[in-house]
Amino acid sequence: MKRTKTIDLTKLSKLRIDEETSAFHPSWGNTILMTAYDDERTFVLTRDGRNLLLKRPLREVLSRFALDNDVPWYERQAIYDMTGARKGRGYIAGHHRLVPTHGTTNANVVYYMAHRLDEEGIAVHDGKLIVSFHGCNRIFRVRIDTSFKTFNRLLKAANEAATFQLDEIDWIRHNYGIDEIDKKESVRYYHNFRDHCQSVHHELQCARTTAIVRQVLTDYLGEEDCQEIMEKIERNAKK
């Protein structure tokens, strides 16, 4: 049986800190969660159970994380635009998901690795959420100041965004001849799943291009002036 470690993020300043460092770089594999400790430092819970303080503000840690783990801003914008979710956008790479507990401007936001989440270990106690994560040879039970409704909504949006990416990968692997299709499954695949994945792939290509072009036009023309141009681009991209 795995050992259990309890962490109360509602009392962040009272937690024991194992190390303050600039050398640790959060990744999909070494991190459970991160949150702002103060304006200049970031608290990180590692998979092996260490409580670290990084000597960088949260926004810089997230920016470096996106760069190190190949999650460009236009990819995030594209996949979340397809979900319709406007707030609380995470960092998504298929099964790997770094998801916020609040809107990203909320001072209490915690970014957690959803692929380490024990979805059967979510409970509400005294108005606070208790969430369980799988670490290295232990379970982390984390107390977070958020509602179950908000937590669940943002997690569902992240899962939907991840599904778009995974559907696209399925299409690419098929189209490049990497995966063989079982003859017994060929009718189902070609008439349903394949067509769906191909459609998602095309939608994502369009959404990525749109995100990049919109940002460039906005920088030079402003939001209102670029809207008409964007509508024409989107119509042409779907032809």
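The protein has 5 helices and 11 strands, where helices (H or I, at least four residues) and strands (E, at least two) are DSSP runs numbered from the N terminus. This is a predicted model, so local features need pLDDT of at least 70 and side-chain atom pairs count only at pLDDT 80 or more, while totals for chains, interfaces and linings use all residues. Residues are numbered from 1 along each chain as its sequence is written, and side-chain values use heavy atoms, with hydrogens and water left out.

Of the 239 residues, 43% count as buried; buried means under 20% relative accessible area, exposed over 50%, and partly exposed in between (1.4 Å probe, protein chains only). As for contacts (heavy atoms within 4.5 Å), those between residues 24 or more positions apart make up 54% of the ones with a separation of 6 or more.

Now for the inside. A nonpolar core is a set of buried Ala, Val, Leu, Ile, Met, Phe, Trp, Tyr and Cys residues joined through side-chain atoms within 4.5 Å. The largest one has 34 residues, and Leu9, Leu33, Phe43, Leu45, Tyr112, Phe133 and Val142 touch the most other members. Elements giving two or more residues to this core include strand 3 (31-36), strand 4 (42-46) and helix 4 (186-221). Helix 3 supplies the largest share, 8 residues. Apart from this core lies another, of 17 residues, with Leu54, Leu62, Val109 and Tyr111 among them. Back at Leu9, its contacts beyond four places in sequence are Leu15, Leu33, Phe43, Val110, Val142, Arg143 and Ile144.

Two strands pair if DSSP finds at least two bridges between them. Strand 5 runs parallel to strand 2 (residues 19-21), joined by 3 bridges, and Glu19 stands opposite Leu52. With strand 4, strand 5 runs antiparallel through 4 bridges, and there Phe43 stands opposite Leu53. The hairpin of these two strands has 4 residues between them, and Gly49 takes a positive phi near 95 degrees.

Finally, look at Ser27, in the loop between strand 2 and strand 3. Ser27 counts as partly exposed because its relative accessibility is 23%. Beyond its neighbours within four places in sequence, Ser27 is in contact with Phe65, Asn69 and Met113. Ser27 and Thr46 are 19 residues apart in sequence, and 9.7 Å apart in space from C-alpha to C-alpha.
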